[in-house]
Amino acid sequence: MRRQQNFKWDAISLGTCYYPEHWDKELWEEDLERMKEAGIQTIRIGEFAWSKVEPREGEYTYEFFDGFMETACKAEMKVIFGTPTATPPAWLTEKYPEVLNCRMDGVKFRHGMRRHYNYNSPVYQKLSARIVEKFAGHYASHPNVIGWQIDNEINCEADVFYSESDTAAFREYLKARYGTLERLNRELGMIFWNQEYTDWSEVYVPRTTIHDSSNPHLTLEYYRFVSESAGAFCKMQSDIIRKYMKPGDFITTNGMFGHLDNHKMMDEALDVYTYDSYPNFAYCLEEDPIHSKGLNDRKWSNHLSRVRSVCPHFGIMEQQSGANGWNTRMEAPAPKPGQMTLWAMQSIAHGADYVSFFRWRTCTVGTEIYWHGILDYDNRDNRKLGEVKALHERLRPVRDLAGAGYLAAFGVLEDYDNLWDADVDVWHRRVEKASKKEIFAASQLSHTPMDYVLLSDSTEYEELGKYPVLFYPHGLILTERRAEVLKMYVEKGGCLIIGARTGQKEEHGRCVMAPMPGLLADLTGTAVEEFTFVGAVDGTVCMEWNQIQLDTGIFNDILETVSEDVKVLARYTSNYYEGKPALTERLAGDGRVIHFGGTFTRETVQALLEYTGILSPYEDEVKLSPECELCVREKDGKKYFFILNYSSGEQEICLGHEMRDLSSGEKRTGRICLKGYETIILE
């Protein structure tokens, strides 16, 4: 069972990211005054400024940030301090090159970028702990400091680490986990291609090989090790800060990125979680939004749902304000008028109670000269600043919505073993990516809100039982504990829907010598007779369900019924397995389990949502087009409907009964026209 988050914002508020080290001191006071006039109450500072406190090893000065904090105090501006460990200074990496991360072939990543260090260097751990101690010891008691951000975007830029320090730490990790080389060789299948180890000195992190193909079971264990390393680095800093921080302040970090158990990190090191939301990535020039089936910037609603799984009442540390891009990549158009507000409201609709725009002013130097902020290089008022001011005014009447829960009609189960296995296994990755994308699309287009739900060996029934329907699309790796809690969920009245490849592997990623769905077979009463990708020559393979043809996706398990009480809902209508079961249902206790042999498409998901009785749960209260998203938050028994128009054109919504527009206070009923990119909150 996961612990409750330790911090929640008591009111919805706005902030921005500010870099006093980038600007002349003469600008500080004016900048903070302009922020306050726009409704910005909080700034984040310091996360890339190690050398401003330690310009040379062991030499400390607080003059710079002391001066800035005097200005912040005068302006009554709240401050979130970042620890500066994402960008070690030049003196450090030059004197201690062992702190640098490496490519898989061992070549070091040199000074000049960011996040070029590794977590496992004893030298970097020591120096990082010391600078965090200096920052926290000096500034945690400051009355304007309200929180701390650890590092910056942990595992961004690099979520794999190949330094000598990582190999040394990986060996110790494996020794602790497996005890002996004999057990490691046996459980990780090292017999294949003569990969057995005879001495611990032979064990390395993954290294360059032909086709970069390394042992998949060792690589899966390596990803677990990377997560443990990153989490330990975060907790080390958190433990230091807690010695100095004031009651009521919080510790966070901003994410989320790969090969990192964010749930565990949240539970062990953080008080609240923050996310960096950049929906404009959908429109980067290398993307193809016109032909994309991914709903463009609405994909960030998918990301925000994952954030909500980590921390139900989260914050946004970096919210898109202008075009994103570096001088080396990510060319992108500027957000259209209204999109900046739309995307901020997208975050709030999904549970964010604090939204901090990145950044106050576009930087005039460095790699991020095209990562535009609220203000542009010329420092003049502009339409983006106007949108911030207007958003602040819109949020005044709904400030107390902070803490409102997000209401989801169904859940999608995820676990880190399968997420990381999909990084190792391209067969797994293809089906996982296809199905998750389509489940989200069906949720969005049918206005059936969804949650992501963590499944782990410590998950309890109570965490699952609030969802009438749970999808577990492709749980290739299953453990006995997870199978038990899923069985309990069904027997206590839940509806579990599983897809192809379920139960193929055990915890190390080895295939089990038993029919799929493996540990869930007794629950489903089915077995997988045969399986195949759907090839290009096969065309679309469908199943017939209630006289409707539904696409069964890119991979098909051919099912057979093992128990007499299994009901065949649909059969394949083509390919060599025509007529074989494609979709089955079995009652168990007070609930049921549905076994789908395919990968999910939005049409199939919509049919399943309708069959299980949860499709479009708010249809009687509000009808809207697929161009709009519907999010519902609830507090003190009252429901708040967020409706967001992602299109550039007008969209009509129709209310089933009278509601109050929370921004204007006006009572609304019947038809309402939303302009392009416009949003509305209704009670």
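## Helix 4 against helix 7

In this predicted model, Tyr 124, Gln 125, Ser 128, Ala 129, Val 132, Glu 133 and Ala 136 of helix 4 meet Phe 233, Met 236, Gln 237, Ile 240 and Ile 241 of helix 7, where contact means heavy atoms within 4.5 Å. Sorted by class, this contact holds eight nonpolar, three polar and one charged residues; Ala, Val, Leu, Ile, Met, Phe, Trp, Tyr, Cys and Pro count as nonpolar, Asp, Glu, Lys and Arg as charged, and the others, Gly among them, as polar. Helices here are DSSP runs of H or I with at least four residues, and strands are runs of E with at least two, both numbered from the N terminus.

The axes of helix 4 and helix 7 cross at roughly 30 degrees and come within 9 Å, the axes being lines fitted to C-alpha atoms, for helices over the stretch in contact, with angles from 0 to 180 degrees between N-to-C directions. Helix 4 and helix 7 are therefore roughly parallel to each other; angles under 35 degrees count as roughly parallel, over 145 as roughly antiparallel, 65 to 115 as roughly perpendicular and the rest as oblique. Helix 4 passes helix 7 in a right-handed crossing, a crossing being right-handed if the near helix is turned clockwise from the far one by less than a right angle, and left-handed if anticlockwise.

## Helix 13 against helix 17

Helix 13 (residues 426-445) packs on helix 17 (residues 602-611) at an angle of about 60 degrees, and their axes lie 8 Å apart. That angle makes helix 13 oblique to helix 17, and the crossing of helix 13 past helix 17 is right-handed. From helix 13, Glu 438, Ile 439, Ala 441, Ala 442 and Leu 445 take part in the contact, and from helix 17, Arg 602, Val 605 and Gln 606; these residues divide into five nonpolar, one polar and two charged.

Helix 12 (residues 416-424) has Tyr 416, Asp 417, Asn 418, Trp 420, Asp 421 and Ala 422 as buried residues, where buried means under 20% relative accessible area, exposed over 50%, and partly exposed in between, computed with a 1.4 Å probe on protein chains only. These buried residues pack against several elements, including helix 7 (216-242), helix 8 (262-269), helix 13 and helix 15 (480-491), together with strand 12 (450-454) and strand 13 (469-472). The N-terminal end of helix 12 is capped by Asp 415, a side-chain oxygen of which lies 3.3 Å from the backbone nitrogen of Asp 417.

Arg 482 is buried, its relative accessible area being 7%, and, leaving aside neighbours within four places in sequence, Arg 482 is in contact with Asp 415, Asp 417, Leu 455, Ser 456 and Asp 457.

## Asn 144 in its loop

Asn 144 lies in the loop between helix 4 (122-139) and strand 4 (145-149), and with a relative accessibility of 10% Asn 144 counts as buried. The side chain of Asn 144 reaches the backbone oxygen of Ala 72 at 3.5 Å. Apart from neighbours within four places in sequence, Asn 144 is in contact with Met 69, Ala 72, Cys 73, Glu 76, Met 77, Lys 78 and Val 79.

## Backbone features in loops

The peptide bond from Gly 255 to Met 256 is cis, with omega near 10 degrees, and Met 256 lies in the loop between strand 6 (254-255) and helix 8. Phe 358 and Arg 359 are likewise joined by a cis peptide bond, with omega about -15 degrees; Arg 359 belongs to the loop between strand 9 (354-358) and helix 11 (383-395).

Trp 193, in the loop between helix 6 (181-187) and helix 7, has a positive phi near 55 degrees although it is a residue other than glycine, and Trp 193 is exposed at 67% relative accessible area. Asn 575, also not a glycine, has a positive phi of about 70 degrees; the place of Asn 575 is the loop between strand 19 (567-572) and strand 20 (581-588), and Asn 575 is partly exposed, with a relative accessible area of 25%.

## Basis of the values

Residues are numbered from 1 along each chain as its sequence is written, and side-chain values use heavy atoms, with hydrogens and water left out. Because the model is predicted, local features need pLDDT of at least 70 and side-chain atom pairs count only at pLDDT 80 or more, whereas totals for chains, interfaces and linings use all residues.

Notes
Polar contact = N/O pair within 3.5 Å; in protein donor to acceptor, adjacent residues only side chain to side chain.
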